[in-house]
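Hi everyone, thanks for coming. Today I'd like to walk you through one structure, step by step. Have a look at it first, and then we'll start with a single residue.

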Amino acid sequence: MVNVIDSAQSAPKARALRAGKPSTGSWIRRVPLVPALVFMFIVTQIPFVLTLWYSFQRYNLNFPTAPRDFPTLWNYQQIFGDHTFRVAVLNTVLLTAVPVIASVVFGVGIALLLNRYVFGRGFLRTLIISPFLVMPTAAALVWKFTILDTTFGVLNFFLRPFGLGNENWIGVHSQLTIIGFLTWQWTPFMVLLALAGLQSQGEDLLEAARVDGAGSWRIFRRLTVPQLRPYIELGVLLGSIYIVQAFDGIYIITAGGPSTDTTNLPYYIYETAFQAYDIGRASAMAVIVVIATILIATVALRLISSIFSEEGMRGR
Amino acid sequence: MSRQKKTLADRQAKPLTKLLLGLLTWVVVIIFFFPVLWMALTGLKTEPDADTSTPHFIFKPTFSEYASVWKGAGGLNSLPTYLEHSVIVTVLATVLVLLLALPAAYALSIRPVRKWRDVLFFFISTKMLPVVGAIIPLYVIARDLHVLDHLRLLIVLYAAMNLPIAVWMLRSFLLEVPREVIEAARVDGAGVVRQMRSVIIPIISPGLAATALICFIFAWNEFFLAVNLTTVNGATVPIYLVGFVQPEGPFLAHLSAAATIACLPVLLAGWAAQDKLVRGLSMGAVK
């Protein structure tokens, strides 16, 4: 389902073609697909193979002439004993799971509010998607300097009446800051998904339930929640795929710190490759990340594959 | 947005509950929108108005910081240069994506190949793999091919980044084209290319536009590849903004003005395409 398996599949396909089994009709059908497939294969698959290859070398750009000892497990041994790597793994889990859950909760809540008749609903919907559209780099800078800053930040000003006016958000509550930023960025996406789910709900079904004497809470539990479930599952899957790669906000707001408090795997790999120039070790970490992603995504995809067959693959 | 009739729940609720829920909706939405609003407002201030420990909500708006961002002050490049890079990269990457994705989507929907499900999953699976897994070889390959810090490197990579989304989206639009229309064109003797040009493309043009907008949004905002593979000649707007990470002197109004200019194209595009946004983001899984 995920990459490794699929890239292998194109080979037997080519062989089947040469064997001349399919008719010329199916040949022609395939032609429009070829450019896109070849392009994607070259740009996305070849780098991964190279990552794997580098991961078995002692390859550091600071020492271009040093022997690379291919093949060696040195990089993997290094990672195995690396305390920071373990911290980065835990941070990645924390900084993915919490924002995903929080943005789903906020997203469903806001979608429920916006699904009612509210004055200026279209306008509000336009406003709520904005955090998602704003360039993450720009948003992170604005958060860092004009909102969270201890001197000039507007957040502490708003919190002063609640006795919280002197928090050092970036320096002390760094994980909370990143979680807040990611949740803010991703809530609009969940709102859109949940709204799509709510709007696919048949009004006559609700009417019938109402006539039968079901209360609001019962209708919500028995009709709305099951209706929303596939949309929420999809939101969790896609949110995780994107948020696990979070980089922009961390790079700008905390630079992985203080110490390694907000260093997630993408940021740690970035540091290893582009600040320590240790290509070999960074590649080995990337390999581990890719394998973990494949495992998790395969399980998750199987879990929600029903969505893709019911919704996206409607028709044939 | 779509003018929907009042739902059942609305008609049942008591007026006070309705009012409070409406108020809550406004408050929550404004809290979420506030950082964007604050960015735009701060950009309209002068530095003395912006760099204060007690925020100034009442001030005399001025475009002086927008003007100074536009003109640039010292440094290697001014914002217009980076904007130009961003426009070239996003536009060409989007054109490339559509040229590759439209035929592919056709072969996965209207006249599907035998294993279209596997092909679709191949496309979506490339989105699931983290970019960090590929960044190191991309850097080394780009260096060896002498395209590091070149615009065409980002064009190719952004096209690859958006191709799966575009295929999924276009496919879901193509599936909505009535079969009879295509059949009629075929009976009239139109070949595949003619069918595409004179029948299918006109029908799906709103979908085509939405797909282009979403590819544009993702490419415009992309930072990870840009920061690792470009420095000056191929640098896009996010790289310009990152220069503000080490502040010198009072700069909040300047930063906010620059950030607002950087966000404006995507905000406008996103607001225009908001109906279709979810389809692109969910890779076509939700209509």
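B:Ser78 counts as partly exposed, because it has 16 C-beta neighbours inside 10 Å. On this scale, 20 or more other C-beta atoms within 10 Å make a residue buried, 12 or fewer make it exposed, and anything in between is partly exposed, with the C-beta atoms placed from the backbone.

Before I go on, a word on what we are looking at: this is a predicted model, where local features need pLDDT of at least 70, side-chain atom pairs count only at pLDDT 80 or more, and totals for chains, interfaces and linings use all residues. Residues are numbered from 1 along each chain as its sequence is written, while chains are lettered from A and ligands numbered from 1 in the order in which they are written.

So where is B:Ser78 found? It sits in the loop between helix 4 and helix 5 (79-107) of chain B. Helices here are DSSP runs of H or I with at least four residues, strands are runs of E with at least two, and both are numbered from the N terminus. Leaving aside neighbours within four places in sequence, B:Ser78 is in contact with B:Lys71 and B:Gly72; contact means that the C-beta atoms, placed from the backbone, lie within 7 Å.

Now let's step back to the domains. Chain B is divided into domain 1 (8-70) and domain 2 (79-281), with bounds from an automatic or database domain assignment. Their centres, taken over C-alpha atoms, are 31 Å apart. Where they touch, domain 1 of chain B gives 14 residues and domain 2 of chain B gives 12. Helix 4 of chain B brings the largest share of the domain 1 side, 5 residues.

Next, the core. The largest nonpolar core has 178 residues, and B:Ala101 and B:Val167 have the most contacts inside it. Such a core is a set of buried Ala, Val, Leu, Ile, Met, Phe, Trp, Tyr and Cys residues joined through C-beta atoms within 7 Å. Helix 8 (residues 151-174) of chain B gives the most to this core, 19 residues. Both domains of chain B contribute residues, so the core lies between them. Leaving aside neighbours within four places in sequence, B:Ala101 is in contact with residues including A:Ala36 and B:Val167.

That brings us to the other chain. The contact takes 90 residues from chain B and 95 from chain A. On the chain B side, helix 2 of chain B supplies the largest share, 14 residues.

Terms used
Two residues are in contact if their C-beta atoms, placed from the backbone, lie within 7 Å.
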